[in-house]
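Here is a short briefing on one protein chain. Keep the structure open while reading.

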Amino acid sequence: MSAATHAFSRQAFATLAGLAFLLAGTAVHATGSADQAWQNILALDRGPKRSPRDRADALLFAREHLARQADGLARFLAEFPRETRREQARVRLAAVRLAEARLPGGAAAGVEAERILAAVESDPASPAAARADARYLRLSESMQRLALLPPAIRVNQRATLLAAIREFASRHASDRRIAGLLVEVATLFDQVPVEKRRLLLEAETLAAKNPGTAADTLRRRIADDVKRLNLVGQTLELRLEPVEGAAIELSALRGRTVVLVFWASWSAPSLRVLEEVRAASAAWEEKRVAVLTVSLDENPAHARSALGQIPLRFPLLCDGRGWEGPTIRRLGINALPTVFVLDRSGRLGELNASGRIEAAVRESAGR
């Protein structure tokens with residue numbers, strides 16, 4: 001990722017560029033104005049041509065660009081009701097509406113997206129590929145919503161979601177996206193490492209059968225996940241360089257519970273986790289808990305500013321190298337926020353304590 005502003009823009013527009021996956025392997029048969037209108041729609045997948053100045057500017061860009069995409073797709077559907085790409089356009093429109101729903105005040109767009117996808121999936125006249133695309137988007141959206149819920153609710157619903165993915169795989173056995181769905185649902189099993197490992201290995205086997213850039217990217221993510229899995233129960237030996245102050249050796253913190261928060265100022269979920277840390281930390285002084293915040297910002301000033309606004313005054317580590325920092329690569333960090341809680345012997349208790357940090361600290365103190 002880039003500096004805070006640029007990184008936010010990449011995050012905001014990733015869905016836009018990603019809409020192209022819906023067209024993979026699909027034949028196109030059209031001529032004339034319909035073909036030109038379709039090419040105009042595809043051209044918008046590249047996103048805006050200039051970078052936003054700040055977060056507010058990036059949100060404005062996202063809203064405007066998504067509105068242009070939605071308008072182009074709605075016009076296509078209205079003007080070419082018999083076009084062979086009609087179902088593709090409907091699913092694309094639903095994907096744009098889902099992206100709008102993730103922006104502040106976008107709830108109504110999410111309702112419309114669900115209506116469109118349900119209609120495509122239930123319509124017997126829809127091509128099989130369109131029904132698969134609609135189901136895939138509904139599963140993906142379910143996972144994203146579930147990831148935002150409290151841990152206890154995620155635990156109760158993850159088996160249902162996994163069963164739905166299994167059903168998708170049985171209906172669309174050759175779909176290249178099954179491996180990615182398995183990797184995504186595996187994030188809900190961070191507290192069940194045996195099941196998570198099984199899902200990752202299954203996904204890796206599927207990805208190996210479909211070589212290509214997307215599969216290679218997925219396999220790198222799986223490798224990171226397995227790397228973190230292998231750390232659970234192990235003693236971490238790290239030397240960390242704060243933005244200010246002397247280097248910190250984790251071995252020097254033995255006898256204390258250590259909370260390592262991996263975050264970035266451009267990640268809204270990260271900021272919520274930092275608020276969680278702030279709320280819980282008031283009771284930690286007596287329990288001998290050390291908190292270290294490791295930012296993936298490429299500009300330490302952005303990280304310092306974000307911590308100051310919360311406020312949090314724990315050591316800040318930020319090497320300015322984002323996802324490619326040596327500590328990040330060594331630990332296999334590939335999602336934010338990630339929270340490691342080390343017990344008093346320096347052992348890592350679980351993959352990610354995000355959302356249950358206070359409970360994880362209590363548990364680590366009892367080990």
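D224 is buried, with a relative accessible area of 10%. The cut-off for buried is under 20%, so D224 qualifies. The model is a predicted one.

**D224 and its surroundings**
- D224 belongs to helix α10, which runs over residues 213–229.
- Beyond its neighbours within four places in sequence, D224 is in contact with R329, G332 and N334.
- The C-alpha atoms of D224 and I333 are separated by 6.7 Å. Along the chain, D224 and I333 are 109 residues apart.

**R176, an exposed loop residue**
- R176 sits in the loop between α7 (151–171) and α8 (178–186).
- R176 is exposed, at a relative accessible area of 57%. Exposed starts over 50%, so R176 falls in that class.
- Leaving aside neighbours within four places in sequence, R176 touches N210 and P211.
- From C-alpha to C-alpha, R176 and P211 are 9.9 Å apart. In sequence they are 35 residues apart.

**The sheet**
- An open sheet is built from 4 strands, in the order β5-β4-β3-β6. Its pairing is mixed.
- β5 (316–317) and β6 (338–342) are the edge strands. Each of them pairs on one side only.
- β3 covers residues 257–263 and pairs with β6 in the antiparallel sense. The pairing of β3 and β6 runs over 5 bridges.
- Within this pairing, F262 stands opposite T338 of β6. L260 has F340 as its bridge partner in β6.

- Is β6 enclosed or open to the outside? 5 of the 5 residues of β6 are buried, so the strand is largely enclosed by the rest of the structure.
- In a regular strand, side chains alternate between the two faces of the sheet.
- Both faces of β6 are covered. T338, F340 and L342 are buried on one side, and V339 and V341 are buried on the other.

**Helix α11**
- Helix α11 spans residues 268–281, which is 14 residues. From first C-alpha to last, α11 reaches 20 Å, close to the 20 Å expected at 1.5 Å a residue.
- Which residues of α11 are buried? They are S270, V273, L274, V277, A280 and S281.
- These residues cover an arc of only 125° around the axis, which puts them on the same side of α11.
- An α-helix has 3.6 residues a turn, so residues three or four places apart point the same way.

**Aromatic rings**
- Searching the whole structure gives 4 aromatic pairs.
- One of them is W38 with F76. This pair is tilted, with 5.1 Å from centre to centre and 50° between the planes.
- The W38–F76 pair links distant parts of the chain, 38 residues apart. W38 lies in helix α2 (residues 32–43) and F76 in helix α3 (residues 55–79).
- W38 and F76 are both buried.
- The ring centres of F76 and F80 are 5.3 Å apart and the planes stand at 50°, so this pair is tilted.
- F80 is buried, as is F76.
- Ring pairs join W38, F76 and F80 into a cluster.

**An arginine over a ring**
- R177 lies over the face of Y136. The distance from the ring centre is 4.5 Å.

**Cis peptide bonds**
- Most peptide bonds are trans.
- The bond from I310 to P311 is cis, with omega near -10°. P311 is placed in the loop between α12 and β5.
- The bond from L336 to P337 is also cis, with omega near -5°. P337 is in the loop between α13 (326–331) and β6.

Note on methods. Residues are numbered from 1 along each chain as its sequence is written. This is a predicted model: local features need pLDDT of at least 70, side-chain atom pairs count only at pLDDT 80 or more; totals for chains, interfaces and linings use all residues. Side-chain values use heavy atoms; hydrogens and water are left out. Two strands pair if DSSP finds at least two bridges between them. Helices (H or I, at least four residues) and strands (E, at least two) are DSSP runs, numbered from the N terminus. The expected span of a helix is 1.5 Å times one less than its number of residues. Buried means under 20% relative accessible area, exposed over 50%, partly exposed in between (1.4 Å probe, protein chains only). The arc is that of the directions from the helix axis to the C-beta atoms. Rings of Phe, Tyr and Trp (its six-membered ring) pair if their centres lie within 6.5 Å; planes under 30 degrees apart count as stacked, over 60 as edge-to-face and the rest as tilted. A charge sits over a ring if NZ of Lys or CZ of Arg is within 6 Å of the ring centre and within 35 degrees of the ring normal. Contact means heavy atoms within 4.5 Å.
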